Amino acid sequence: MNYSAEQLERYSRHIILQEVGVEGQEKIGAARVLIVGAGGLGSPAALYLAAAGVGTIGIVDGDVVDLSNLQRQIAHYTKDVGREKVLSAEEKMVAINPDVKVQTHRMLLKAANIREVIRDYDFVLDGTDNFPTKFLVNDACVMENIPFSHGGILRFDGQTMTVLPGRSSCYRCTFRQPPPPDAVPTCSQAGVLGAIAGMLGTIQAAETLKYFIGTGELLTDTLLSFNALNMTFRRVPLRRQDSCPLCGSKPTITELVDYEQTACVIK
Amino acid sequence: MQITVNGEAKDFAEDQVNVSLVLAHQKVESPDMVAVQVNGAFVDKGEFDSRVLQDGDSVEFLYFMGGGAV
């Protein structure tokens, strides 16, 4: 790829990094990333990945922007209330960086359609808001052998891990199955400090870029969790579990399942 | 008995300590909210009572965190 003078200037702070350089920037430019959820995590991730020059960014979301989203979902502006989230996000991403090709998927991912959608991408960033979809993303990525970043936030806490299927522990190795409905509150029920979404979404974006550049150590076999009230970060070492029903030696999950979606109260 | 809980050494006065007791000590509201590992191995929720811990064991409990988009 031949960069124009303008592109060299745009990406100069990347290119100047020894670990990135022109070569690393070209890898970023060739990357195809799917962001699942254009919300609290997906917004900062989408903006930073667009700014970074990720060549193709897919964004999946079936929702429209709600006024209560704006406290943390920074890809959406006041004028966007009522508009499809994927279109609102696409507009900001392209405005930041017209080099980026954005593919919008206005849909809910289900067992029947997810594999077809993710197959088109090299890396998936999970910014979903519910356990059925988080497990679906994990299972589909493991089955399709697509690396992904898991992320979850609640109140003042966040957690993330990066999964390289077949090589590092998957979400199910640790979180075996979705918790019973209503056992764990959602952000809409329990609240979340808006900036937490930015903290975690940008960690996920950084992991995504590191994956493509091939530098540093990913959060594989590691759950990074933080609490912003006392601003403590903790890395919990994880390992692949032979007993994992998905990626263990005797898998019992061989097909995707749609878990029951718990009612999500928005207001 | 000393057990390392989420990276911190904790002393337990009880003669027998199981996973459920550790979770209660740590004020985990419900066993449904966490995934548990003992010495790095996954422990099923149904075994929280029967899994008896030894001095020096390491217990990690990790909260399910489902938020992100809505």
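## Chain B: make-up and extent

Chain B of this predicted model holds 1 helix and 5 strands. Read from the N terminus, its elements follow the order β-β-α-β-β-β. Along the principal axes, the C-alpha atoms of chain B fill a box of roughly 45 × 25 × 20 Å.

Chain B has 70 residues, and 29% of them are buried. Contacts in chain B can also be sorted by sequence separation. Of those between residues at least 6 apart in sequence, 56% join residues at least 24 apart.

## Chain A: strand S4 and its side chains

Strand S4 of chain A spans residues 123-126. A:Phe123 and A:Leu125 point one way. A:Val124 and A:Asp126 point the other way. All four of these residues are buried, A:Asp126 included.

## Chain A: partners of S4

S4(A) pairs with strand S1 of chain A, residues 32-36. The two strands are parallel and share 4 bridges. Within this part of the chain, A:Leu125 of S4(A) is the bridge partner of A:Ile35.

S4(A) also joins strand S5 of chain A, residues 148-154. These strands run parallel too, with 2 bridges between them. Here A:Val124 has A:Phe148 in S5(A) as its bridge partner.

## Chain A: the crossover

Helix H7 of chain A covers residues 131-144. Together with S4(A) and S5(A), helix H7 makes a β-α-β unit. The unit is right-handed. Its two strands, S4(A) and S5(A), are the parallel pair joined by 2 bridges.

Definitions and conventions:
Residues are numbered from 1 along each chain as its sequence is written. Chains are lettered from A and ligands numbered from 1 in the order in which they are written. This is a predicted model: local features need pLDDT of at least 70, side-chain atom pairs count only at pLDDT 80 or more; totals for chains, interfaces and linings use all residues. A residue is buried if 20 or more other C-beta atoms lie within 10 Å of its own, exposed if 12 or fewer, and partly exposed in between; C-beta atoms are placed from the backbone. Two strands pair if DSSP finds at least two bridges between them. A crossover is right-handed if, with the strands pointing away from the viewer, the path from the first strand over the helix to the second runs clockwise. Two residues are in contact if their C-beta atoms, placed from the backbone, lie within 7 Å.
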